[in-house]
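The sequence and the model are shown first, and the description follows.

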Amino acid sequence: MTSYRLDAGGAINRAQALSFSFDGRNYKGLQGDTLASALLANDQMLMGRSFKYHRPRGPVTAGSSEPNALLTIGSGARSEPNARATTVELYQGLVAASQNRWPSLKHDIGAVNSLLSPFLGAGFYYKTFMWPAAFWEKLYEPLIRKAAGLGKLALEADPDRYEKAWAHCDLLVIGAGPAGLMAALVAGRAGLRVILADEGFRPGGSLLSESVSVAGLAAVDYAGGLVSELSSLPNVTLMPRTTVFGWYDDMVFGAVERVQKHVASPSPELPVERLWRIVAKRAILASGAEERPLVFGGNDKPGVMTATAARTYLNRYGVAVGGKVAVFTNGGSGYRTAADLAAKGVEVTAVIDARAQSADVAPAGIRVIRNAGVVATNGRHRIDGLLLERAGFEEVIGCDALAMSGGWSPIVHLMCQRGTKPVWSEESQAFLAPNVGNSFVAAGSAAGVETISECLRDGAAKAASLASELGFAAHGANLPDVEGEYDASFAPVWYVPGAKDKAFVDFQNDVAVSDLGAAQREGFRHIEHTKRYTTVGMATDQGKLGNVNTAGIVAAMRGVSPAEIGTTTFRPFYTPVSFGALAGAAQGEHGAPVRTSPLHGWAKKNGASFVEAGLWYRSAWFARDGEKNWRESVDREVLSVRANAGLCDVSTLGKIEIFGAGAAEFLDRIYCNGFLKLPVGKARYGLMLREDGIVFDDGTTSRLGEHHYVMTTTTAYATDVMTHMEFCAQTFWPELDVRFVSVSDQWAQMSLAGPKARIIMSRVVQDDLSDAAFPFLAARAVTLRGGLKARLFRISFSGELAYELAVPAGYGEAVADAIMEAGRDEGICAYGVEALNVLRIEKGFITHNELDGRTTADDVGLGRMMAMQKPDFIGKRLSTRFGLTAADRLQLVGLKPVEPEKQINAGAHLLKEAAKPSLANDQGFVSSACYSPALGSFIALAMLKSGRERVGERIVVWDALRGMEVPADVCAPVFVDAENAKLHV
Amino acid sequence: MTLHFLHRHVLEDHLAGFETRPNPNHVNVARRPVILSVLAHSGHEAAVAERLAELAGGSVRFCGPGEWLVAGPALLGEELADRLGEIPGASVCDQSDGKVLMAIGGPSARKILAKCVAADLHGDVFAEGQSANMLCCHVASNLARTGADLFEIIVPRSFAGSVFEELMEMGREYALTASFSED
């Protein structure tokens, strides 16, 4: 028996056994265990294989910095790779599997890499797999990825739910160790809204694992007391199992709460993980300190772990990590571990102290070897001894575990995520938290404080100071007496010389000291370059254990202070966050909000197929029995509109209601054409430019009263136009009396187009709709038969006699039904945006296909709309600049293929006849194309260089994507009713 | 010929099949509320705000400087519009069909809304009677606190189905129910 569960002790529930499996074998653990502590209790030290060399590995920590014991938890779609066994909370039925090994963890073929390791150092891939170049992507990289790497993702869809939520507080305390608990308590008692978040499943931090007594109680019981008082305060929210992973602008912290990661079958009513955005007025970083590993030969073998880890397994989980434990230390932590182990009856073979002398005292009867270093470890799947070197004298010491302590590094990651670097302290021999202002301060060991009593004091003091800044009267807590503390000071030893095996600085990425040396030799000397060349501190580990040692070693190699080397960049996330948590509920059809028109139900029952237009679902076409494809439906709809009538949902257009005595002037400035003289009861087509003279959007605006207008915008630009108007009204012309509000959702709007539109509309509207009473561009309130108030606009996007009827949205479906009924005998049909598009191309009307952010009004043939006599309008000044008025600009033209059945595709480019197909010979492009059933030919709108003067020319439509070249004739961009005779009937 | 048109609530399909007995956490969807936009013209902002504060029969929601929504029961429809129309310097515009009003109430209402909006809804920060425009389930909405555990969300009609579905999803762990309310 090497590692085993002690008969007593530990913050575990010995009455509650939990069964679990690891690599198919069943084990028993206890409630309160982590997976790692339960495996150790079952003498399972080997938990993984390393990333590159496939070296056997066991846990080196007992917390979230664990680089080795990375396991896959769960099975099937719920399997999660790279979970740290040291933080996974044990539950009944947990299924765990090791990674990166084949065929088994014990016998891993990939371990051959270890034999090749002299050749596989940093830069090996770059230097070796260079030739031939094509092999990299096809052969080398896939092979390397197969050989290296950790767990594999499940490819099935994630069956679980995730959520995102916001929380707000006066004070966020990150970490529920002694400093954090005390800070939360002081702030909570003072009445602040406090959130106390801790990544562990049990609050307490080091109080759970240290053998001190606080206020006469065991530390763990004292922590329990603090937690129960905090739980009783209504203004304090305890968030266990919650990792604060990022610090963002405006004091927003990102955190992930593992709601159901500790249950075998998650409840469908709850998310498995919840992503929190925590908005805090102030925050305290009480994340503690990380014990540094010592860097010596063979320091990665199973059984070698930090002294704190050994102590935590012992005191918190009641697990002895070995039967014969050796300690290798440069400070007090090693001695404390030796004392705790000895007190529990675990044999300590030796305390090896790297220092020549110290005040630390080992327990009676334990051999202390000073001024010595470990240079190698023996054993494969677990160490069975170590090789010690002391002034040239080598000695083998038998042991089955080695607790190492290389000093302390405050965990300052979060505080350094927004660009501020940690500060090297010669005195503490550590990188300390930088000053990032008064809103976010470090407390306890995160601030470099060493003992539990000082952590309690520091937490209380920092919280009291922040509370009073926020205007709360905080009374310092009664700080308890702490007995049995130890001196945690240390003398740094960056590298133990004489290593007879690889000495690792980064266990997870298999980076050894020799790799750091190679990086320096080969010129990758900046710490960021060293990182990229060697992969030190990369991936999920982010250098939690290794980065400070790396800085120290590189500094030593260069003969400078670590202050000169500095650290690499800290970025979110502190520990890995699942994509599920980041996505929250935004999965599948909930990926984006869905917008439905008031006529959605009407369209559905008329057989519509829908197309996504932004967030909208628009009816695209209405298939009827016997129609084999969408084109057949669209052709029928177009012909039906041209011959009889059709009804189309145009509710998605933006609608803005405009009020005020200055509205006319406002519109006159925002549109390039004139609006001052638009009479009440009339609609006008308007063209908006951007400041740079390029067309922004178009639509109609109708004057409903002296100081009352309603504007329509395109569907896509509804929000942009509203924003643009707000900006203009608020900043350019605050003197104009104009107010506006979006009414896009208030109205169901439908276009009834076709020669029979008037007959049909008259059956629904009771007002006189004769051409005399309601002429082209009339726009006013009408009353439907039955009394419903509506708005009617005689505007047309098809070139046919057409009306747009707007009714309150809730009546939309009923009114559309009534129009269809009224038009049944006239041959009415429902038509969708595809037919709408064909109708407008036939008529040469433009959309954002043409108004693509590059075209001027003149380019699209609307130059005459620019009312240059107006004193000013948006876009006037810049529209005259050179380049926007050049004669060879692309201009809107029509295209007809020489052979009518030859298809032209939008996006195809234009070439002069007989020109070689190349972009150098590019003459323009097709902006819109369709089959015109009215003409029996494909037709297109296109932007052609100096297009207007080239009507009649034969050109070639070159569609390189589809490998098509179609000869076509340039024509005016109107294919139907060029005289507008149909509009004025 | 007289035509009779049926008015249809956009959440009709979404609410079909829900249990009729409300749980402690419940969403009431107003079937036919009257909702009006009120816009104060330049220089009249304070005066309009004052008149709105005295308004009887409607609940006033702040949207932005010089802009409010006034919500009231259907019965008051015309009357409310007339009353508002009389305020000098204000323009009024009907939004009753363009907006959907959902009232969410219950002991967990705030916890549910914490998953829908980013704003701090603590009573000290967002007190009864307060309202503001904010994103709710990714959609521009107006949220008002109408009671200690009672909030009203006004969302654009076209987005209502999407917001409603997400709200109910976020309420799952608190057994949130929903129904139409006739008042």
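What percentage of the contacts in chain B with a separation of 6 or more is accounted for by residues 24 or more positions apart? In this predicted model, such residues make up 66% of those contacts.

**Chain B as a whole**

Five helices and ten strands are found in chain B. Its radius of gyration is 17 Å, close to the 16 Å that the globule rule gives for 183 residues, so chain B is as compact as a globular protein of that length. The table collects some overall values for this chain.

| Property of chain B | Value |
|---|---|
| Radius of gyration | 17 Å |
| Box filled by the C-alpha atoms, along the principal axes | roughly 55 × 50 × 25 Å |
| Buried residues, of 183 | 44% |

**Where chain B touches chain A**

The contact between the two chains takes 39 residues from chain B and 41 residues from chain A. On the side of chain B that touches chain A, β2 (34–40), β5 (90–94) and α5 each supply at least two residues. The largest share of that side comes from α5(B), with eight residues. By type, the residues of this side of chain B divide into 13 nonpolar, 15 polar and eleven charged.

**One residue of helix α5**

B:S162 belongs to helix α5 of chain B, which covers residues 157–170. Is B:S162 buried or exposed? B:S162 is buried, because 22 other C-beta atoms lie within 10 Å and the cut-off for a buried residue is 20 or more. Apart from neighbours within four places in sequence, B:S162 is in contact with A:P593, A:V594 and B:V139. B:A127 is 35 residues from B:S162 along the chain, and the C-alpha atoms of these two residues are separated by 27 Å.

**The nonpolar core and a recorded domain**

In soluble globular proteins, nonpolar side chains tend to be buried together. Here the largest nonpolar core has 352 residues. The residues with the most contacts inside this core are A:L171, A:A183, A:L285 and A:L752. Beyond its neighbours within four places in sequence, A:L171 is in contact with residues including A:A187, A:L192, A:V194, A:I284 and A:L466.

For chain A, an unreviewed UniProt entry places the feature "domain: Aminomethyltransferase C-terminal" at residues 891–977. This span of chain A is 0% helix and 49% strand, and its end C-alpha atoms lie 21 Å apart.

Note on methods. Residues are numbered from 1 along each chain as its sequence is written. Chains are lettered from A and ligands numbered from 1 in the order in which they are written. This is a predicted model: local features need pLDDT of at least 70, side-chain atom pairs count only at pLDDT 80 or more; totals for chains, interfaces and linings use all residues. Helices (H or I, at least four residues) and strands (E, at least two) are DSSP runs, numbered from the N terminus. A residue is buried if 20 or more other C-beta atoms lie within 10 Å of its own, exposed if 12 or fewer, and partly exposed in between; C-beta atoms are placed from the backbone. Two residues are in contact if their C-beta atoms, placed from the backbone, lie within 7 Å. A nonpolar core is a set of buried Ala, Val, Leu, Ile, Met, Phe, Trp, Tyr and Cys residues joined through C-beta atoms within 7 Å. Ala, Val, Leu, Ile, Met, Phe, Trp, Tyr, Cys and Pro count as nonpolar, Asp, Glu, Lys and Arg as charged, and the others, Gly among them, as polar. UniProt positions are given in the numbering used here, feature names are shortened, and annotations may be inferred rather than shown by experiment. The radius of gyration is taken over C-alpha atoms; the globule rule is 2.2 Å times the number of residues to the power 0.38.
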